[in-house]
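Trainee: I would like to learn how to read a few features of a structure, taking them in turn. Could we begin with the loops and then go on to sheets and cores?

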Number of protein chains: 2
Amino acid sequence: MKTIFDLETVYLDDENGAVVLIDQTLLPNEIKYLHLTTQPEIRQSIRELCVRGAPAIGIAAAYGAYLGVKNSSVEEFDDFYEVFKAVKQYLASARPTAMNLFWALDKMERCLLCNKEKPIDVIIDALRFQADEIKAEDIRTNKAIGEFGLSLLKMNDGILTHCNAGSLATGKYGTATAPIYLGQERGYNLRVFADETRPLLQGARLTTFELAAAGVDVTLICDNMAATVMKKGWIQAVFVGCDRVAANGDTANKIGTAGVAILAKEYGIPFYVCAPTSTIDMMTVNGEGIEIEERNPEEIYKKWYLKPMAPEQGVKFFNPAFDVTDAKYITGIITEFGIARPPYGQSLAEIMDIKHKAGEGGKGRVE
Amino acid sequence: MKTIFDLETVYLDDENGAVVLIDQTLLPNEIKYLHLTTQPEIRQSIRELCVRGAPAIGIAAAYGAYLGVKNSSVEEFDDFYEVFKAVKQYLASARPTAMNLFWALDKMERCLLCNKEKPIDVIIDALRFQADEIKAEDIRTNKAIGEFGLSLLKMNDGILTHCNAGSLATGKYGTATAPIYLGQERGYNLRVFADETRPLLQGARLTTFELAAAGVDVTLICDNMAATVMKKGWIQAVFVGCDRVAANGDTANKIGTAGVAILAKEYGIPFYVCAPTSTIDMMTVNGEGIEIEERNPEEIYKKWYLKPMAPEQGVKFFNPAFDVTDAKYITGIITEFGIARPPYGQSLAEIMDIKHKAGEGGKGRVE
């Protein structure tokens, strides 16, 4: 059996003071690692989607924050904290929707504050350790999501996924793809349908790339073909990732997700959101509180293409990067601590309670 | 006020024995007319979507059939009929789904048979006249659809449309765009949202092009953003064209239409199919009887792009050109003889009855 996809999405090159990541804008045609040493480079790599996917963004930001302060020459904690806060604010401004970006940076800040009595160089070491732990925790989280997700599947099931919530979007395994990789290891013979995911084509460029590399049976379709493959009876479950889950279960994810969820409901197909608890935002009551990033219209009609695909004059464009799937369309939210079911106000609170009792971060947490 | 879109999509250059049409594969970057004189050129222009849209295909095929027989040297009717039938079969094989292709060629054949007692050169003249009449009838039809469609709209309404059922898809005015152009003339201040319509981007390349040229307020979105604009309350009605309507109202149209219809239902937005009666196929009981063309997978991941957007190895592709929207999602089917409402089995039969009583084709019919 072939191995699962084994490229490392993002890691730290501590010796050279660089965040190293696959430039996902070049996939599938070129596998190129970027070595980013400055804060503007790191922020831009997030902004320009060289690294994307909520968990991977969090990991990149955590390493970025560490690199942003590691060579600080200040000697007083208060000064060091000011340096950190400036770095944090700068990186957090890269993208507005993904919860993990803020979550990872908050976690770094808490690590710093927990170690405030220690010498600056010890705090810096702790931050490095914390960033590593954010990545390690992500990988453990995804494995757990994979187990819970696979428990919902049968042999030979057809799965639809949207965008890339795969290994490339995370530390490893992915969220929506974790059940697929686990099923692949265990001979489930799953058939995956990947929405190409306009305008940035993460499904075409990334999901098919990593699933094919892992030997998974994957079929690429345009987003607007989802209704057809559902109607044909080819889909037994939808798995998607998410960028933020509100307290009531409303879920922000890549643009197009909400439409897929409505189609799944219409065809009686279960629709599952794979959500590390780091993406769950209990402070946001519902989807209306989630800011939705709008991106450059050229992504729609110009990017990737040989020639512009629409007139540039006289036409308006609307390019939201995400949408919010109403909780009522979601069959279950799969976390590393179990599967939340409606009503989500209650079940997500229970999941977060389990998490806090387990001690967030588990072993290796620097607190 | 600006004028409506005024390029001629397809016409006959009788002097040079050519079907002349805008090469729609080059839009919006280049306006180039093709002058097609041979049967393989004409068939290929349909096959390769230089001309597309059910009514425009019908017009091109009618002129093509005329050109295919006009220089025939046979003298006996039976021999001439054999020549015609070969031409008809050849052109009809260009695309399997659009009803108008067969409808137009059948109409040409009936014209030929009605004139069988006449000399060959008179029959050829009659065919020329019939082809012109197919185009003229299409334009009259679209104007009527525009009036019926506009009766369903209010000032400042937002309209979503999918693919291009515009002037470029017809003799003139379009079907789904006819109410929009009419509303534009009458100061309705309609706001149109155009799905880009993957993989061939007819919405981006053609619909925005012709609506912008006519001064209509048009916003381009990716197909997967339709749910978002509906949820925002920006859409008061959906208008789409169609390639074939079955007797029960099930409607084949560009891939993605079925999904839009389901979303519209979910958001309580009326969903209208603009259907010249030439697209209504009373011999097909329901959508299951409509053959759906599958096209080259390269349209999904390679066409238009600077580089392939998916790995070419290890990935499967599925590229249906059309889908079938179940009648239950359709609020009304707007024909040139009125608006059919559910149950369509009855209302479409009534529409076809009105048509037959009116004498199909009206004035100018050669029978």
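Trainee: In which loop does Pro28(A) lie?

Mentor: This is a predicted model, in which local features need pLDDT of at least 70 and side-chain atom pairs count only at pLDDT 80 or more, while totals for chains, interfaces and linings use all residues. Residues are numbered from 1 along each chain as its sequence is written, chains are lettered from A and ligands numbered from 1 in the order in which they are written, and side-chain values use heavy atoms, with hydrogens and water left out. Helices (H or I, at least four residues) and strands (E, at least two) are DSSP runs, numbered from the N terminus. Pro28(A) lies in the loop between β2 (18–22) and β3 (33–36) of chain A, and the peptide bond that joins Leu27(A) to Pro28(A) is cis, with omega about 5°.

Trainee: What is the phi of Leu201(B) near, and is Leu201(B) buried or exposed?

Mentor: Buried means under 20% relative accessible area, exposed over 50%, and partly exposed in between, with a 1.4 Å probe and protein chains only. Leu201(B), in the loop between β5 (191–195) and α7 (202–213) of chain B, has a positive phi near 60° although it is a residue other than glycine, and its relative accessible area of 0% makes it buried.

Trainee: Which residues touch the most other members of the largest nonpolar core?

Mentor: In soluble globular proteins, nonpolar side chains tend to be buried together. A nonpolar core is a set of buried Ala, Val, Leu, Ile, Met, Phe, Trp, Tyr and Cys residues joined through side-chain atoms within 4.5 Å. Here the largest core has 156 residues, of which Leu160(A), Val238(A), Leu160(B) and Val238(B) touch the most other members. Contact means heavy atoms within 4.5 Å, and, leaving aside residues up to four places away in sequence, Val238(B) touches residues including Leu160(B), Met230(B) and Phe271(B).
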